[in-house]
Amino acid sequence: MRATPLAARRRRVLGALLAMFLLTACDPQVDTRAPSGPRPIEAGDECHVCGMILARFPGPMGEVIADGQPRALKFCSTRDLFAYLLQPEAGAVVREVYVHDMAGARWDHPLDAPLVDARRAWYVAGHPLRGAMGPTLASFRERGDAEAFAQRFGGRILAFDQITLELIGQLGDGEGEGGGGETYQPAPPPSRPALQ
Ligand code: ZN
Ligand code: CU1
């Protein structure tokens with residue numbers, strides 16, 4: 001059957017729409033945007049999960065750069081960071097994740113510590129030091145620093161992908177207990193390379 005000019009035009013429009021859809025659908029897989037890097041945590045920053053003012057609390061904190069969010073999302077603790085990251089909805093929009101490298105940092109002054117790529121960091125769970133929300137994960141850029149911490153305080157070492165919601169739930173409750181526990185204050189290692 002011979003197509004009328006109108007039907008032919010409709011087919012062309014549909015074809016163009018289909019091509020646009022396919023291009024858009026493929027887009028996330030060819031994302032080549034370079035990481036923009038961590039933003040400094042500032043005095044008034046609030047936790048994206050619980051609303052607490054970060055600067056008032058001890059222990060390592062986290063940060064997320066997410067699509068559709070002009071500002072970095074900040075987290076009072078690695079515990080709240082993972083509680084956010086491990087929700088199914090978060091996965092689609094999270095671009096970059098950072099945590100404090102506590103090697104060479106004072107546990108009660110985490111804002112002095114550098115923020116490092118959380119996906120490549122090492123974590124210690126099950127130690128007695130308290131973060132902003134109570135029991136929390138100590139975070140380190142180097143596995144050796146996590147091992148040294150675990151030797152001193154106890155706990156087990158985990159990679160980013162080994163952290164589950166179940167594990168976060170098992171850390172125990174303790175909101176508002178921040179500041180308790182022992183003080184972790186190692187001497188900075190002598191030859192730590194500078195982070196860009
Ligand atoms: Zn929080
Ligand atoms: Cu909190």
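Q: What order do the strands of the open sheet of 4 strands have, and what pairing?
A: The order is 2-1-3-4, with antiparallel pairing. Strands are DSSP E runs of at least two residues, and helices are H or I runs of at least four, numbered from the N terminus. This is a predicted model: local features need pLDDT of at least 70, side-chain atom pairs count only at pLDDT 80 or more, and totals for chains, interfaces and linings use all residues. Residues are numbered from 1 along each chain as its sequence is written, while chains are lettered from A and ligands numbered from 1 in the order in which they are written.

Q: What makes strand 2 and strand 4 edge strands?
A: Strand 2 (73–75) and strand 4 (115–117) each pair on one side only.

Q: Why are strand 1 and strand 2 called paired?
A: Pairing requires at least two DSSP bridges between two strands. Strand 1 (residues 62–66) and strand 2 have 3 bridges, in the antiparallel sense, so they pair. V64 stands opposite L73 in strand 2.

Q: Which residues of helix 3 are buried?
A: In helix 3 (residues 143–153) they are D145, A146, F149 and A150. Buried means 20 or more other C-beta atoms within 10 Å of the residue's own; exposed means 12 or fewer, partly exposed in between, with C-beta atoms placed from the backbone.
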